[in-house]
Amino acid sequence: MNTHSPEPDDQYDDPGILDDHPHTPDTNALPEPPHPINWNLLSAQDLEAELLELNRWVDWLRHTYGLPASVIPPYWHRHPELLWELSALHLHWLCAYDPEQNGSAPLGWHRDFADARHRLRDWVTASGTRLDRDRPTRQTTWPGEEPQPTHDETVITDRDADFVQHVIDQVNERQAAEDAFYASLDDRIDPATDEVRDDVLGPEGG
């Protein structure tokens with residue numbers, strides 16, 4: 001199990017980690033074949049790698065196609081709806097430009113890219129994130145639920161610095177969840193047999 005938690009003063013203080021080749025997507029950064037990414041299930045280590053890779057690709061995309069902040073805003077990484085949409089678009093791009101793919105696949109990707117831009121505009125409008133300001137996407141409170149907290153807008157002064165801090169926070173949070181999970185397994189292991197006992201509840205069981 002990976003116990004390393006990234007710190008701001010090691011790999012993240014090198015600007016190159018954000019933008020090694022700002023206008024060229026690195027198709028070899030992740031050695032595995034293209035596969036759907038379930039952001040809810042990634043390990044801390046994989047979460048870090050996927051966030052950095054998606055960030056590089058999104059930066060290439062917005063520069064290559066001259067996309068405005070109404071399609072891809074600076075703080076897209078802080079809005080799950082944008083993260084999932086851009087992740088799906090990235091996967092589609094990787095598949096379309098795979099050397100083994102049919103020659104017409106890139107045209108299909110551009111057709112779907114046009115649809116995705118409409119959805120991205122809708123997400124950005126609904127979330128309220130802008131070029132120079134951001135706030136968390138507002139949530140609708142259903143009857144019987146606790147009211148959602150209100151958030152003031154944040155002025156965006158350094159997007160890259162915020163992205164780095166966001167990655168650190170997300171990786172640390174995911175690592176803490178992994179550590180808690182494995183600790184709960186340790187509590188359920190029978191020291192005599194090394195088997196997991198069903199009659200012992202972990203921390204979540206009270």
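Modeller: Angles under 35 degrees count as roughly parallel, over 145 as roughly antiparallel, 65 to 115 as roughly perpendicular and the rest as oblique. This is a predicted model, in which local features need pLDDT of at least 70, side-chain atom pairs count only at pLDDT 80 or more, and totals for chains, interfaces and linings use all residues. Residues are numbered from 1 along each chain as its sequence is written, and side-chain values use heavy atoms, with hydrogens and water left out.

Colleague: Why are α2 and α3 called roughly perpendicular to each other?

Modeller: Their axes (lines fitted to C-alpha atoms over the stretch in contact, with angles from 0 to 180 degrees between N-to-C directions) cross at roughly 80 degrees and come within 10 Å. The range for roughly perpendicular is 65 to 115, so α2 and α3 are given that name.

Colleague: Which residues make the contact?

Modeller: With contact meaning heavy atoms within 4.5 Å, α2 contributes L51, E53, L54, W57, V58, W60 and L61, and α3 contributes L83, L86, S87, L89, H90 and W93.

Colleague: What makes W57 part of the largest nonpolar core?

Modeller: Such a core is a set of buried (under 20% relative accessible area, 1.4 Å probe, protein chains only) Ala, Val, Leu, Ile, Met, Phe, Trp, Tyr and Cys residues joined through side-chain atoms within 4.5 Å. W57 is among those with the most contacts inside this core of 30 residues, as are L61, I72, W76 and W109. The largest share, 9 residues, comes from α2.

Colleague: What is the mean pLDDT of the protein?

Modeller: On the predictor's confidence scale from 0 to 100, the mean is 84, and 75% of residues reach 70 or more. Over residues 1-12 the value is below 50. Where pLDDT is low, the predicted coordinates should not be read in detail.

Key
Buried < 20%, exposed > 50% of the residue type's maximum accessible area, 1.4 Å probe, protein only. Helix = DSSP H or I, 4+ residues; strand = E, 2+ residues; numbered from the N terminus.
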